[in-house]
Amino acid sequence: MERTVGLDPSGEAARNLSVPTLVAEQIATMPDAVAIEDGDRTLSYAELDRASAAIAATLLAAGVAPGEPIAVDLPRSWQAVCALVGVLRAGAAYVPLDPAHPPQRRRALVELAGARTTLEPRDVERAIAAGETGPEPPEGGDRLAYVLF
């Protein structure tokens with residue numbers, strides 16, 4: 001059975017493509033177009049690509065395995081979008097946490113999800129500043145992408 005993951009800009013069904021692959025296609029066709037607007041901060045698709053690649057490289061260097069859940073403890077922001085794409089680009093699955101929730105609840109969710117790694121604002125900033133080049137987007141959309149509670 002073929003799965004439909006989403007629609008490309010022409011309205012054609014995109015089949016079995018990962019989110020990072022879909023983002024990479026957008027980067028290739030429109031690298032300078034606005035990908036993220038967050039208050040005064042605007043990132044192009046090319047900037048999203050560099051930031052998410054750096055985050056993916058950092059995760060892989062830390063030994064993150066395919067499908068491994070990664071807790072993302074970031075407020076809704078441009079950094080969170082870069083982190084989510086970076087986690088997926090590393091072949092891992094993100095576990096979004098709400099920083100407004102009590103620390104005990106966030107720790108419990110991390111434990112329930114089995115996440116060994118948590119991305120926080122300082123981790124994302126360090127990864128982006130390091131500017132490592134990450135892996136190509138994983139092929140296929142059949143991996144675990146996220147764990148929600």
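**Close-up views of side-chain contacts in a predicted model**

**View 1. Arg41 is placed over the face of Trp78, 4.1 Å from the ring centre.** A charge is taken to sit over a ring if NZ of Lys or CZ of Arg is within 6 Å of the ring centre and within 35 degrees of the ring normal. This is a predicted model, in which local features need pLDDT of at least 70 and side-chain atom pairs count only at pLDDT 80 or more, while totals for chains, interfaces and linings use all residues. Residues are numbered from 1 along each chain as its sequence is written, and side-chain values use heavy atoms, with hydrogens and water left out.

**View 2. Asp49 and Arg89 form a salt bridge, with their closest N and O atoms 2.6 Å apart.** A salt bridge here is a side-chain nitrogen of Lys or Arg within 4 Å of a carboxyl oxygen of Asp or Glu, and the whole structure contains 4 of them. Because Asp49 belongs to helix α2 (residues 45–61) and Arg89 to helix α3 (residues 78–89), the pair ties together parts that are 40 residues apart in sequence; helices (H or I, at least four residues) and strands (E, at least two) are DSSP runs, numbered from the N terminus. Asp49 is partly exposed at 24% relative accessibility, whereas Arg89 is buried at 9%, where buried means under 20% relative accessible area, exposed over 50%, and partly exposed in between (1.4 Å probe, protein chains only).

**View 3. Arg106 and Asp73 meet through their side chains in a salt bridge of 3.1 Å, N to O.** Arg106 lies in helix α4 (residues 103–113) and Asp73 in strand β5 (residues 69–73), so that distant parts of the chain, 33 residues apart, are linked by the pair. Arg106 is buried, with a relative accessible area of 17%, and Asp73 is also buried, at 9%.

**View 4. Tyr94 and Tyr146 form a tilted aromatic pair, 5.7 Å centre to centre and with 35 degrees between the planes.** Rings of Phe, Tyr and Trp (its six-membered ring) pair if their centres lie within 6.5 Å, and planes under 30 degrees apart count as stacked, over 60 as edge-to-face and the rest as tilted. Since Tyr94 lies in strand β6 (residues 93–97) and Tyr146 in the segment after α5 (121–130), the pair ties together parts that are 52 residues apart in sequence. Tyr94 is buried at 16% relative accessibility, while Tyr146, at 44%, is partly exposed.
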